[in-house]
Amino acid sequence: MIATFIVSVRIRPMFQGTAEIDIDRHAPSGIFGQEASQLSQLNDSDQFLATQIELIQSDAVLRPVAARYNLLERERQLENLDIGNIQRKTNAPVLLKKLKIARPANTYVLRISYRSPDRQIAADVANAIAQSYLEHTFNIRVRTSAALSVFMERQLDELKAKMERSSMALAHFERELNVINPEEKTNILSARLLQLNTEYTNAQADRVRKEAAFNSMKNGSMAAAQVSTQGEALGDLYDRLNAAKQHFAEVSTTYGANHSEYRKAANTLAEVQRELEDTLHNVAQRIETDYRQAMNREQMLQSSVKQTKAEYDQLNARSFEYQQLKREAEADRGLYGDLERRIREAGINAGFQNNSIRIADLARPPYKPVFPKTGLNLLLAFVFSTIVAIGAAILTDVLDDTVRDPEQVARALDTTVIGTLPTVKEMKRLIGPVTEPPANGSGVIRYNGHGRSPAAVPGDAAGERSGNLGGYGYKGMSSYEESIRTLRNSILLPDFDRRMKSILITSAAPGEGKSTTAIHLAIAHAEQGKKTLIIDADLRRPSIHKKLGLNGVTGLSNVLLGDMDWKHAVVKIQHWPELHVLPSGTASRRASDLIGSMMIDILDEASKEYDLILVDAPPLLGFAEAMQIATAVDGVVVLTRAGQTSRKAVATLLATLDHLRGNVIGLVLNEVNKNSSNGYYYYGYYRDYYPAKNQPA
C-alpha cells in the first residue's frame, strides 16, 4: 500500500473530457422517396451500437484529429524510433491509447472520452473526435450514394435497351396474330365455343327425337304421326272416320246397296278414308323432312364447334407466348421507371446529412483529474494483497504434505498425538560428552551433564535433578526438558495398570531425532528414581554411544552373536545412577538377522530388573529388524519431524504397525516451531515461568 501511494502521488494527473453522441434510430435516412418513410429495425441495437463504436475508433475518424492536435507525439507513440520506423508507424492505423468509448446501459448514447494532462486538450480532442465521426458517416453516405448512382445509371442503360427489345418483340407478335389484344379475342372465342357447344348439344337431342319419330312413322306406328305437328288434324280425321264407319254400319243394316242413303254413307266413308291417307302421307313427309333438317343442322354445328375449338386452341397456345412477352415488356418498363426514379431520389438524398446521429453534449474542460485515484488504488492494493496472501497461505497449506499441527495430524491420520517437542537452536548440545571410561573396564563411566565440564556439575543429587534440566544456560533447553517430562507422563500414566515396561522409539525416515528423544526420555525417567535401560538396536547407524560419549566397541551385536551375555554389555552412567545403556556394538549384518529371535528373551529378562526399557531401532519403513522389535515390545512411539515428515509415510508406518498388531502408544511431533504448529506459543511459557538466574523462586 505504501508503494501504491508513492506511485500514485508521483504519477502525472490526467484530465478527462467526455462528449456524448445521441443515435436516433427512428429518424429516416433520407428526405425523399422510400428512405424518408423507412424506419430502422430495433432488434439489432447491440450490434448496431457496437458497429458505431468500431467506426469511432477507426483510422479514418482518428487520423485527422491526431494530426490536428499532434496526439501521436503527445502519447509518445513515436518515441525512440528511427526515421524508417516513424514512417511505418505513421502509415499504420492510428490508435489512441487515451481514448475510451462507452455506452450507458439501455441507451442509444455513446460517450467519447479522452484523457490528457492538459484539461483543454482533453475536451477539444473529445469534441473533435465526435465531429470527425459525424463527418465520416456523412462522407460514407455521399460516397455510397455516388457509387450507387453510377451503378444504377449503368444498369439503366442496359435496362433501356432490354425494354426496347421486349416492346418490339411484343408489337411484332401482335402483327403476326393480326389482333391488338389476343386476350380479348380469346375471350370472344371462348364464349362462342361455349354457345356452339350448347346449340350442338340441343341439335343432337332434337335430331335424336325426330329420328325416333321418323323410324316409328316408317314402321307404320300411328303414335309417331299423332305426336307430329298435324296430330290434332289426324285426331279429327280418326274421329270422323269412326263416325262414318258407325253411320255406314247403321245404314247398311237398314238400306240396301242400291239405296241412295247407302251410297251416300259409302261415299262419305270413302272420302274420310282418302283424306286420312293423304294426311298420313303428308305427316310422314313432314317428319322425314324435319329429321333430315335436324341431322343437317347437327352436322353443321359439329363442324362449327370443331373449327371454333381449333381456332381457340391455336390462339390460346400463342396467348401464353404473348402473355410472357407482355409481362416481360411491362416489367422492363416498370423497372426502368423505378430505377430512373431511384436515381433521382438518391441524388437528392445524397446531399442530405442524416440527423439520426447528432452530438448531444459537447465536452467541457474538467475541473478535477480522473487519474490517479489514490484512495481507490490503496483500497485495491489492500484487497489484492490480502487475496494474494490468503491464497498463498491456502495454497501452501494444500501443497504441504508434511505433519505440522497436532490437531491436523490427529484428524488426518486418526491417531493420538501424545506429545510435541520444541525446536532447540543448539540441538547438538542437548546431550553433552562424557569422560573416557576408566582403564579398568568396569563399565561404569561418569557423564558430564549436558555439555558442561565436570567441575560445573552441582554436588548434591537434589540440585542436579532439579536444576540440570531447567538451567542449561542457553535458550530453549527448559521448554524442551519440560516437553520431555510431559511426553513421559503421556506415555506411562494412561497405562499405569498395565505397567508398560518396554517401549520402541521409531520413525518413518532417518533423521527424525528418535535417538535424542530416547536419551532425554530415559534421563527424565531415571531422575524419578526409576531404573531405566536404553537399548541401541540400530545396528546399521548406531548413535546412542556417540551422543553419550561411549566407546561402543561392545554391545548388542556381540550379545546377538553369542559372544557375551547382555548384562555384561550394559554400561552404567555415573551422573544418573538409575540410567543404564546397552550400546549397539560393532555393526554386523549377521547380528541384524538374529535380532528378532533374541530380542524377546532380552526384553523379558531386562523387564524383571528395570522399570522402563527404551529401544532405539532403525526407521520402521524398509528395515526388517524394526518390525520384529515392534512385535516384541509393549508399546511403540512414532516420532515425526514437524514440517518435514510426509503424512503418507506416517500413514504407511501406522498401517504397517496395525498389520503387525503392534501397540501404538501415539505420535510425537519433534522440532515444533511457531511456523509449523499452532501450539508453539505454549513453549514460551516454560522459559518465562522459570525464575531468572540468581533470583529467588
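Glu625 is buried, with a relative accessible area of 3% (buried means under 20%, exposed over 50%, partly exposed in between, with a 1.4 Å probe and protein chains only). This is a predicted model, in which local features need pLDDT of at least 70, side-chain atom pairs count only at pLDDT 80 or more, and totals for chains, interfaces and linings use all residues. Residues are numbered from 1 along each chain as its sequence is written, and side-chain values use heavy atoms, with hydrogens and water left out.

**Salt bridge of Glu625**

- The side chain of Glu625 meets that of Arg540 in a salt bridge, 2.6 Å from N to O (a side-chain nitrogen of Lys or Arg within 4 Å of a carboxyl oxygen of Asp or Glu).
- This pair links distant parts of the chain, 85 residues apart: Arg540 is in the loop between β8 (532–536) and α17 (544–548), and Glu625 is in helix α21 (residues 624–632).
- Helices (H or I, at least four residues) and strands (E, at least two) are DSSP runs, numbered from the N terminus.
- Arg540 is partly exposed, at 40% relative accessibility.

**Packing of α20 and α21**

- Two packed helices are described by the angle between their axes and the distance between the axes.
- Helix α20 (residues 589–607) packs with α21 at about 15°, and the axes are 9 Å apart.
- Axes are lines fitted to C-alpha atoms, for helices over the stretch in contact, and angles run from 0 to 180 degrees between N-to-C directions.
- α20 and α21 are therefore roughly parallel to each other (under 35 degrees; over 145 is roughly antiparallel, 65 to 115 roughly perpendicular and the rest oblique).
- The crossing of α20 and α21 is right-handed, meaning that the near helix is turned clockwise from the far one by less than a right angle.
- On α20, the contact is made by Ser592, Ile595, Gly596, Met599, Ile600 and Leu603 (contact means heavy atoms within 4.5 Å).
- On α21, Glu625, Gln628, Ile629 and Ala632 make the contact.
- By class, the contact of α20 with α21 has six nonpolar, three polar and one charged residues.
- Ala, Val, Leu, Ile, Met, Phe, Trp, Tyr, Cys and Pro count as nonpolar, Asp, Glu, Lys and Arg as charged, and the others, Gly among them, as polar.

**Other salt bridges**

- The structure holds 14 salt bridges.
- Asp22 forms one with Arg358, the closest N and O atoms being 3.2 Å apart.
- Asp22 lies in strand β1 (residues 15–23) and Arg358 in strand β4 (residues 357–361), so the pair ties together parts that are 336 residues apart in sequence.
- Asp22 is partly exposed at 21% relative accessibility, and Arg358 is partly exposed at 33%.
- Glu298 forms a salt bridge with Arg207, with the closest N and O atoms 2.4 Å apart.
- Glu298 lies in helix α11 (residues 260–350) and Arg207 in helix α8 (residues 182–218), so this pair ties together parts that are 91 residues apart in sequence.
- Glu298 counts as buried, at 8% relative accessibility.
- A network of salt bridges links Lys514, Asp538 and Asp616.

- Thr640 lies in strand β12 (residues 635–641) and is buried, at 0% relative accessibility.
- Leaving aside neighbours within four places in sequence, Thr640 is in contact with Val403, Glu512, Thr645, Val650, Leu667, Val668, Leu669 and Asn670.
- Phe382 sits in helix α12 (residues 374–399) and is partly exposed, with a relative accessible area of 45%.
- Phe382 and Thr4 are 378 residues apart in sequence and 9.6 Å apart in space, C-alpha to C-alpha.
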